[in-house]
Amino acid sequence: MDRRDFFKTSFYLSAFAMVQLAGIGCSRQSGTTEPPSSLLSPLPYNQDSLEPYISSRTIEFHYGKHHQGYAANTLKLIAGTNLAKLPLKEIIQKSHEIKELVSTYNNAAQLFNHNFYWQCMKPNGGGKPQGKILQAIEQSFGSFDAFAKTFSESAASQFGSGWTWLVKDGNQLKVINTSNADTPIIMGMVPLLTLDVWEHAYYLDYQNRRADYIRGFMEHLVNWEFAGKNLELAG
Ligand code: MN
């Protein structure tokens, strides 16, 4: 290949790449198909933004490998089925407790839970919220401290893999745990806040010290604006 051919090839390759990108952009805008990438929420901050409470390396694996893996598996499992064009929540509801769809349910629910989890944190978060979410917590738990104790103890006591949640159930706020991929949206509850207590969420940073991971989350990471927004949307 001489120099001119080289440039010609490069030009065609770049043009091809741009057409591909434009194609993805168009299908997202037109809404005719559920664009695969829309199932995976972007990380709402930089990979190292939650340090030192959650390291860049943990997020590299947790978001980059585990979460992306759930997204890729979900896409593979729904491809060519009647679930393929549904929103993620419906994929979860329609595959729940269907024996042949157990992998679809597990991957889709984990994908939803992780999309939600990353938004539950922010740099310089944590501590006590303000406004309506604080009032609702005080109404249901007696005080913010009583809520924080219940949430932390619940997260520490989850046996095996799972999640701890603050949910709205009817008119009450509650703390619940779910095992493995299970998610409050199949129980008719509205999730407000979650903490991933699978070992992959904290083991690189804390090894067996799950209580330290929980403390870091409660005191320095919770995005209470996100939880407050979820409460508002729940009506
Ligand atoms: Mn996880």
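Figure 1. Asp 169 stands opposite Gln 172 in S2, and Gly 162 stands opposite Ser 179 in S2. The model is predicted, with local features requiring pLDDT of at least 70 and side-chain atom pairs pLDDT 80 or more, while totals for chains, interfaces and linings use all residues. Residues are numbered from 1 along each chain as its sequence is written, and side-chain values use heavy atoms, without hydrogens and water. S1 (residues 162–169) and S2 (residues 172–179) pair in the antiparallel sense over eight bridges; pairing requires at least two DSSP bridges between the strands. Strands (E, at least two residues) and helices (H or I, at least four) are DSSP runs, numbered from the N terminus. Two residues lie between the strands of the hairpin, where Gly 170 has a positive phi near 65°.

Figure 2. Contact means heavy atoms within 4.5 Å; axes are lines fitted to C-alpha atoms, for helices over the stretch in contact, and angles between N-to-C directions run from 0 to 180 degrees.

**Figure 3. Packing of helix H3 on helix H4.** The axes of H3 (residues 88–95) and H4 (residues 102–119) come within 9 Å and cross at roughly 145°. In H3, Leu 88, Lys 89, Ile 91, Ile 92 and Ser 95 meet residues of H4 that include Tyr 105, Ala 108, Leu 111 and Phe 112.

**Figure 4. Packing of helix H5 on helix H6.** The axes of H5 (residues 132–141) and H6 (residues 144–157) come within 8 Å and cross at roughly 75°. H5 is therefore roughly perpendicular to H6, a term for angles of 65 to 115 degrees. Leu 134, Ile 137, Glu 138 and Phe 141 in H5 meet Phe 144, Ala 146 and Phe 147 in H6.

**Figure 5. The manganese site.** His 62 (NE2), His 114 (NE2), Asp 196 (OD) and His 200 (NE2) are the protein donors of the manganese ion, 2.0 to 2.1 Å from it. Donors are N, O and S atoms within 2.8 Å of the metal (3.2 Å for Na, K and Ca); water is not among the atoms, so sites may look incomplete. His 114 lies in H4 and His 200 in the loop between S3 (190–196) and helix H7 (203–206), so the pair ties together parts 86 residues apart in sequence.

Notes: Angles under 35 degrees count as roughly parallel, over 145 as roughly antiparallel, 65 to 115 as roughly perpendicular and the rest as oblique.
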